[in-house]
Amino acid sequence: MSARIHFYFFCMALLLCGAAAAQSPPDDAEKVTVGSPYVNMYTGPGRGYPIFHALEYGETLWLLKRRTDWVKVSTRRGITGWVRIADLGEIYGADDEQVVLPVPDYRDYRTQDFHLGFSYGDFDGASSLGMTLGYRFTANISAELRATQAVGEFSDSQTYQVAVVHQPFPDWRLSPYFMLGTGINITSPNATIVATEDRRDTAMLTGVGIKTHLSRRFALRAELANHYLLTSRENNQEIVEWKLGFDVYL
């Protein structure tokens with residue numbers, strides 16, 4: 001009998017320890033108090049998830065992590081769920097000062113390292129389609145792999161380049177940028193009535209552009225570029241290209 005009682009208390013101790021561990025928030029989680037009459041908790045970070053709990057006025061909770069405009073929270077009773085930042089307009093810290101959670105906006109695009117872009121424009125009189133894959137090293141500096149297919153009346157061109165892009169004012173919604181790069185330009189004839197030379201030239205790239213950040217994941221861009229082709233012929237060649245497109249931040 002005594003052994004059974006000891007085993008019972010041992011099991012209860014394990015359960016209590018497990019429950020306490022499950023309710024313990026991370027050390028770096030911010031502790032706040034709800035100042036609104038109630039705040040809905042969702043099972044996931046989105047309105048499509050069901051509401052399963054309502055936080056009450058004066059209830060203590062911990063802010064665990066953020067995903068876009070949602071915050072994962074945990075209550076003192078160990079209830080964990082997601083809350084819209086817009087619904088946490090009245091929360092207070094340990095010193096009873098109001099805690100303001102920043103609402104996400106277009107500047108959050110800087111948290112994305114990669115972007116993928118598509119464009120359409122004019123490549124020295126030929127219609128051009130372009131694709132860009134970029135990686136952000138700092139707030140101001142990024143690198144891009146650029147590919148352009150231009151279809152002209154007498155010849156087609158393919159350009160493959162790598163460029164360094166400097167964005168001096170990344171926080172601006174209308175943000176200018178400058179770029180410098182190099183690569184190759186392949187010109188192929190597409191008409192038999194004109195003896196167009198098939199050649200591959202080194203292309204030096206300079207350009208300016210401007211981006212309009214519409215959201216944290218989407219931006220429109222306009223660009224003017226100069227391609228300086230180092231040809232094997234007597235004279236080198238300059239090609240002016242303009243394009244309009246958009247970037248998607250990944």
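A salt bridge is a side-chain nitrogen of Lys or Arg within 4 Å of a carboxyl oxygen of Asp or Glu. By this rule the count comes to 11 salt bridges in this structure, which is a predicted model.

**View 1. R110 and D171 form a salt bridge between two loops.** The closest N and O atoms of this pair are 2.3 Å apart. R110 lies in the loop between strand 8 (98–99) and strand 9 (114–123), and D171 in the loop between strand 12 and strand 13, so the pair ties together parts that are 61 residues apart in sequence. R110 counts as partly exposed, at 35% relative accessibility. D171 is also partly exposed, with a relative accessible area of 35%.

**View 2. E144 and R221 meet in a salt bridge.** The N to O distance here is 3.2 Å. Because E144 belongs to strand 11 (residues 141–151) and R221 to strand 15, the pair ties together parts that are 77 residues apart in sequence. E144 is buried, at 1% relative accessibility. R221 is buried as well, with a relative accessible area of 10%. Both side chains are part of a network of salt bridges that links E144, R146, K211, R221, E223 and D247.

**View 3. E241 and K243 form a salt bridge.** Their side chains meet at 3.5 Å, N to O. Are these two residues buried or exposed? Both E241 and K243 are buried.

**View 4. K211 lies over the face of Y177.** The distance from the ring centre is 5.9 Å.

**View 5. Y42 and W70 form an edge-to-face aromatic pair.** The count of aromatic pairs in the model comes to 7. In this one the ring centres are 5.0 Å apart and the planes stand at 90 degrees; planes over 60 degrees apart count as edge-to-face, so the pair is given that name. Y42 lies in strand 2 (residues 38–42) and W70 in strand 5 (residues 70–75), so the pair ties together parts that are 28 residues apart in sequence. Y42 is buried, with a relative accessible area of 7%, and W70 counts as buried at 5%.

**View 6. F218 and F246 form a stacked aromatic pair.** Their ring centres are 5.5 Å apart and their planes are at 25 degrees, so the pair is stacked. F218 lies in strand 15 (residues 218–230) and F246 in strand 16, so parts 28 residues apart in sequence are tied together by this pair. F218 is partly exposed, with a relative accessible area of 31%. F246 counts as partly exposed, at 31% relative accessibility.

**View 7. F114, Y135 and F137 form one aromatic cluster.**

**View 8. The largest pocket is lined by 18 residues.** The space in this pocket is about 310 Å³. Which residues lie nearest its centre? They are D124, A126, S155, S157 and T187. Strand 12 (155–166), strand 13 (174–189) and strand 16 (237–249) each supply at least two residues of the lining. Strand 12 gives the most, with 3 residues. By type, the lining residues divide into 6 nonpolar, 8 polar and 4 charged.

Notes
Residues numbered from 1 in each chain as written. Predicted model: local features only at pLDDT ≥ 70, side-chain atom pairs only at ≥ 80, totals over all residues. Heavy atoms only, no water. 1 Å grid on protein atoms, 1.4 Å probe; cavity = no way out; pocket = protein on both sides within 12 Å on 5 of 7 lines; lining within 4 Å. Points joined across faces, edges and corners; volume = space filled by probe spheres on them. Helix = DSSP H or I, 4+ residues; strand = E, 2+ residues; numbered from the N terminus. Nonpolar A, V, L, I, M, F, W, Y, C, P; charged D, E, K, R; others polar. Phe/Tyr/Trp six-rings, centres within 6.5 Å; stacked < 30°, edge-to-face > 60°. Buried < 20%, exposed > 50% of the residue type's maximum accessible area, 1.4 Å probe, protein only. Lys NZ or Arg CZ within 6 Å of the ring centre and 35° of its normal.
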